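Here is a friendly walk through a few features of this protein. Please keep the sequence and the 3D view open as you read.

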Amino acid sequence: MKFPCRLDKFVSHLIESPRTKVRGGIKRGYAKVNGEVVSKFDVSISPSDEVLWKDQQLVYLGKRYFMLHKPKGYVCANSDEMHPTVFDLLDEPNLKDFHVAGRLDIDTTGLVLITNDGDWSHKITSPKHEKFKTYLVETRDPISDEAIQQLRDGVQLHGERELTRPAIVEKLASYQLRLSISEGKYHQVKRMLAAVENKVVELHREKIGSILLDEQLEEGQYRLLSENEILHY
Ligand code: URA
């Protein structure tokens, strides 16, 4: 939410009710701003104003940042007709303005960042800022040394003009590698493995920039980011 903000919008956001309904309530005298009953919908509200609705104070919670351990089967979208979304896993008020900073596929597990701070998520996800995202990858076929070298050098993805940027690749086992990439193209890891004639069978994100998935979080659990994680991603 951006301030200054109209009263009807502010209340509608905080009580999660449609604006038309809120306007009816304002007419009935439900809204008080700094101690005065207000009957105009478009009164301008700033964060320092005290707003009461039916005598209950409405507090805007400001910018919030969560890390979630995403399980399989959930989509990284605000709503979806077919599948549950990562937002179904968050038991938090006023999530209307929130978005996922760097989506994962429905069958990928691991670290997902969710916030209402668009500037922050842009810095995390924009390829311009070159934040590495680290994935644990399990493959269908053994990973050859040649494939590892190709992934490090950059591969040609189907439908893209340029090679992928150099990746950091660590072979963990015949069928497992840790791959860090600084771009976020659609299905990038799966397409990179396809480009070296292999196939991803399991994919898990461990890290974004310097933010590591908290190992205390079970699949489906989440927590607020620490001050340090927010500032030094
Ligand atoms: N690359 C993919 O192919 N899928 C993801 O979910 C994330 C990165």
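Is Q57 buried, partly exposed or exposed? With a relative accessible area of 48%, Q57 is partly exposed, where buried means under 20%, exposed over 50% and partly exposed in between (1.4 Å probe, protein chains only). This is a predicted model, in which local features need pLDDT of at least 70, side-chain atom pairs count only at pLDDT 80 or more, and totals for chains, interfaces and linings use all residues. Residues are numbered from 1 along each chain as its sequence is written, and side-chain values use heavy atoms, leaving out hydrogens and water.

Q57 sits in strand 6 (residues 56-58); strands (E, at least two residues) and helices (H or I, at least four) are DSSP runs, numbered from the N terminus. Beyond its neighbours within four places in sequence, Q57 is in contact with E50, V51 and L52, contact being heavy atoms within 4.5 Å. From Q57 to A31 is 26 residues in sequence and 9.8 Å in space, C-alpha to C-alpha.

Now to helix 2 (residues 19-27), whose buried residues are V22, G24, G25 and I26. The elements below are among those that cover these residues.

| Covering element | Residues |
|---|---|
| helix 1 | 7-15 |
| strand 2 | 31-33 |
| strand 5 | 51-53 |

After helix 2 comes G29, with a positive phi near 90 degrees.

Finally, look at K96, in the loop between strand 7 (65-70) and strand 8 (99-100). K96 is exposed, at a relative accessible area of 56%.
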